[in-house]
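Here is a short report on a protein model. Start with the structure, then read the notes below it.

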Amino acid sequence: MTPSLEAYVMLSAALFVVGFLGVLLRRNTLVIYMCLELMLVAATLALVAFSRFNGTEDGDVFVFFILTVAAAEVAVGLAIIVALFRARQTVQVDQLDSLKH
Amino acid sequence: MEQLAFTCLSVFSLACALGVVLSKNAVNGAMCLLLCLAGVAGLFVQLHAYLLAFILVLVYAGAVVALFLFIIMLLDMQGGRTWRFKGMNALAGMIAAVLLVTGLNTLAVRGRLGAGPPMGHSAGSSLKLYSYQLFTTYLLPVQVMGFLLLIAMLGVIVLSRRAAPGEDAP
């Protein structure tokens, strides 16, 4: 017996929720960034499952593009975090409040 | 059998995802992320997306998590509290949790996702199929992705350059 589409979508939603809670509740910028990656992977899983259950290739090709953009995004984001750390000597989000009025 | 593998992999990935969120040490979090990605790659294999599973392990587990580990160990991040439960944050978290639970409930109760059996691609020739799609239907997005990667590379070089004396930091 194969698992149903609903099972995959529920799992992907659960992974997304976990990542989302991490983004909301953690203080460390790097951990927040890892949780963002987790949300991206959850969305990817849903795309692949839909693609498989509908017999199309489009979702899979889209996942290719998501992986590419994620790689570029991680590189730029981590460079920004390192630049930020150089300027402020911290990566805790509650101490990075220069733009707060 | 397939159901059992799915259950094991999904529980494993969810546990590792929780590990990312809950671990106090960022290095442990990155390791949990690695394991979670391995679980998701296993699920991809179950969905017959072998190439995507391979690329996920190669790009995410190989490159992205390694980069994360480098940066975590480069920046010394001790001290400071781990969690933030304060005023607006807790409120926003609660509202988001309620919305997400409502959405999941709707999906579980009323979702009709066309629960037919999975339709197979022609297995084995998936790389050929992907490349055909990439070079016909998705040719323009592939070009745009190439430019995006180039621009990201330039951006990283500019961002990580040390400012010369007498020059503003980027």
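## Aromatic pairs

Over all chains, the count comes to five aromatic pairs. One of them is formed by Y8(A) and F6(B). Their ring centres lie 4.7 Å apart and their planes meet at 70°, so the pair is edge-to-face. The cut-off for that class is a plane angle over 60 degrees. Y8(A) sits in helix α1 (residues 5-25) of chain A, and F6(B) sits in helix α1 (residues 2-22) of chain B, so the pair joins two chains. The model is a predicted one.

Are the two partners buried or exposed? Y8(A) has a relative accessible area of 2% and is buried. F6(B) is at 6% relative accessibility and counts as buried. The limit for buried is under 20%. F53(A) belongs here too: Y8(A), F53(A) and F6(B) form one aromatic cluster.

## Helix α2 of chain A

Helix α2 of chain A spans residues 29-54, which gives it 26 residues. From its first C-alpha to its last it reaches 38 Å. That is close to the 38 Å expected at 1.5 Å a residue. The helix is mostly covered, with 20 of its 26 residues buried.

What is found at its two ends? At the start, a side-chain oxygen of N28(A) comes to within 3.0 Å of the backbone nitrogen of L30(A). Just after the helix, G55(A) takes a positive phi of about 70°.

V48(A) is a residue of α2 in chain A. Its relative accessibility is 1%, so V48(A) counts as buried. In sequence, V48(A) and G19(A) are 29 residues apart. In space, the distance between them is 19 Å, C-alpha to C-alpha.

Where does Q89(A) lie? Its place is in the segment after α3 (58-88) of chain A. The phi of Q89(A) is near 60°, a positive value in a residue other than glycine. Q89(A) counts as exposed because its relative accessibility is 56%. The threshold for exposed is over 50%.

H48(B) is not a glycine, yet its phi is positive at about 65°. H48(B) is placed in the loop between α2 (26-46) and α3 (50-74) of chain B. At 30% relative accessibility, H48(B) counts as partly exposed.

How many helices and strands does chain B have? The count is six helices and zero strands. Along the sequence, the pattern reads α-α-α-α-α-α. Chain B has 170 residues, and 30% of them count as buried.

A nonpolar patch lies on the surface of chain B. Its members are F147(B), L150(B), I151(B), M153(B), L154(B) and I157(B). Together they have about 610 Å² of accessible area. One of them, I157(B), lies in helix α6 (residues 139-160) of chain B. I157(B) is at 49% relative accessibility, so this residue counts as partly exposed. Exposed would need over 50%.

Methods. Residues numbered from 1 in each chain as written. Chains lettered and ligands numbered in written order. Predicted model: local features only at pLDDT ≥ 70, side-chain atom pairs only at ≥ 80, totals over all residues. Heavy atoms only, no water. Helix = DSSP H or I, 4+ residues; strand = E, 2+ residues; numbered from the N terminus. Expected span 1.5 Å × (residues − 1). Buried < 20%, exposed > 50% of the residue type's maximum accessible area, 1.4 Å probe, protein only. Polar contact = N/O pair within 3.5 Å; in protein donor to acceptor, adjacent residues only side chain to side chain. Patch = residues over 30% accessible without salt bridge, like charges linked within 9 Å, V, L, I, M, F, W, Y side chains within 5 Å. Areas by Shrake-Rupley, 256 points an atom, 1.4 Å probe, with all protein chains shown as cover. Salt bridge = Lys/Arg side-chain N within 4 Å of Asp/Glu carboxyl O. Phe/Tyr/Trp six-rings, centres within 6.5 Å; stacked < 30°, edge-to-face > 60°.
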